[in-house]
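Hi everyone, thanks for coming. I'd like to walk you through one model today, starting with its pockets, then its cores and its salt bridges. Have a look at the screen first.

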Amino acid sequence: MSVQTEKALYEHDVNDALRDVKANVILWGEDLYDATIVVYPKQLSDAIPDSYQWQHLKKAVLVYFDFKSEKFIRFTGVKWDEENRVVYLAAGNFVGLWKFLKSSVKKGFLNNPDKVAPSARPTDIVDLECMCTDTKVAYIKADKIAYKSREIPAEKLKLMGKKQSALDNPRNWFFYSSEGGFFHIKDCETVKTIKPEVFRGSPDIPEGYMPCYRCRRKIFLRVACDPYVKQINRIDRMLKKYEIRDSKLEMYALTYGFKFRLGDEGELYVTGAEDTWLIKGFDEGKFYLWHNNYVRTGPRERTFTSGFHDQEVASRNLGFILEFIHDYSFERHLEEEEEKLRKKSAGADAGGAQTGTAGTGEQTGKKSVFSRVVAFFKRLFRKL
């Protein structure tokens with residue numbers, strides 16, 4: 001039994017209602033009879049694996065109708081995978097629209113009996129797998145998402161316990177799946193989705209893995225601010241304000257090995273490969289660099305002492321200051337000093353030699369002119 005389609009009845013009204021809405025596709029509930037609606041909890045990445053080809057997705061508008069309201073045309077933004085006929089819908093939006101959308105889906109079933117099983121129900125096209133947890137199963141009850149306890153085998157419980165132990169271990173900084181991909185910090189949402197049987201924790205960055213795009217900045221700050229992890233948020237705000245982007249922060253933390261901590265007056269301490277530095281000026285946006293004090297104990301040896309001295313390096317570019325810190329080494333500093341002394345010594349010697357030669361040349365020049373004058377008059381008197 002077929003029924004008149006909603007598109008035939010309301011297409012003009014829908015197009016008029018959506019005239020200012022930017023979307024590549026308009027989706028009608030009655031056309032989703034052979035599609036799947038994947039409901040995800042918060043972020044789209046909860047529903048799509050890291051390897052998924054995101055370029056397949058299109059921005060779409062899903063239309064539904066509340067015929068008890070005067071303005072009965074409703075719509076919400078979704079992502080649409082046309083090739084696989086999958087709608088990606090946030091759970092918060094699903095709760096408000098399903099009681100209306102399900103009647104449209106049912107009309108699609110009635111108008112396509114040869115493509116839909118006689119026993120099919122609108123809920124059959126809804127995929128709630130992303131809403132399930134290790135202990136709970138999600139299902140639709142009274143047009144809303146409900147949960148029931150999942151029966152967990154003993155082996156699964158054991159694996160879940162191992163996962164929790166790895167998370168509770170204070171030595172573990174990084175978490176990942178043994179199947180490869182990305183590594184995360186503890187509070188990343190993706191950590192919850194890693195299956196217990198492949199879950200791993202590590203004090204060190206796992207080889208061959210990439211930092212997660214969702215928590216990468218926190219990863220770099222966690223490394224750079226250790227053990228002052230309570231300062232992470234404040235340091236992050238300081239670095240963001242002066243345009244230290246994720247790629248730069250990754251280099252400072254993982255490649256340069258910088259360590260950051262805050263001073264009592266809002267300055268930033270930075271420990272590099274050899275020395276500790278103090279960056280002042282965050283309140284005015286011009287940075288002044290101070291270097292830890294030390295005393296020379298030998299030709300190429302030193303001992304650090306308390307306090308800092310002005311390095312006489314200033315810039316409005318925080319990145320420039322941090323690169324200066326990275327480029328510094330005590331050995332290079334000694335080589336530069338020795339080179340300056342060599343040039344100074346060579347300059348003094350050259351200057352003395354040039355003065356002597358110039359003096360001699362000047363005297364010789366004067367004597368030669370006098371000789372020529374005397375010779376001229378001698379010749380003149382002989383002729384007379």
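Let me begin with what I mean by a pocket: on a 1 Å grid over the protein atoms alone, it is an open set of points with protein on both sides within 12 Å along at least five of seven lines, where a 1.4 Å probe fits, and lining residues have an atom within 4 Å of a point. Grid points are joined across faces, edges and corners, and a volume is the space filled by probe spheres set on the points. Please keep in mind that this is a predicted model, where local features need pLDDT of at least 70 and side-chain atom pairs count only at pLDDT 80 or more, while totals for chains, interfaces and linings use all residues. Residues are numbered from 1 along each chain as its sequence is written, and side-chain values use heavy atoms, with hydrogens and water left out.

So, the largest pocket: its volume is about 1,700 Å³. It has 45 lining residues, and those nearest its centre are Asp46, Thr190, Lys192, Thr193 and Ile194. Two or more lining residues come from each of α3 (154-168), β9 (174-177), β10 and α4; helices here are DSSP runs of H or I with at least four residues, strands are runs of E with at least two, and both are numbered from the N terminus. What classes of residue make up this lining? We find 19 nonpolar, eleven polar and 15 charged residues, where Ala, Val, Leu, Ile, Met, Phe, Trp, Tyr, Cys and Pro count as nonpolar, Asp, Glu, Lys and Arg as charged, and the others, Gly among them, as polar.

The second largest pocket holds about 350 Å³ of space. Its lining has 17 residues, with Ile185, Lys186, Asp187, Arg222 and Ile232 closest to the centre. Helices α5 and α6 (232-241) each give at least two residues to that lining.

Now to the cores. A nonpolar core is a set of buried Ala, Val, Leu, Ile, Met, Phe, Trp, Tyr and Cys residues joined through side-chain atoms within 4.5 Å. For burial, under 20% relative accessible area is buried, over 50% is exposed, and in between is partly exposed (1.4 Å probe, protein chains only). The largest core has 51 residues, and among those touching the most other members are Leu239, Phe260 and Leu268. Helix α5 gives this core its largest share, six residues. A second, separate core has 30 residues, including Ala60, Tyr64, Phe94 and Ile125.

Last, salt bridges: a side-chain nitrogen of Lys or Arg within 4 Å of a carboxyl oxygen of Asp or Glu. How many are there by this rule? The count is 17. One of them pairs lysine 107 with glutamate 6, with the closest N and O atoms 3.2 Å apart.

Glutamate 250 and arginine 216 form a salt bridge at 3.1 Å, N to O, which links helix α7 (residues 246-255) to α5 over 34 residues. Arginine 216 is buried at 16%, while glutamate 250 is partly exposed at 25%. Thanks, and I'm happy to take questions!
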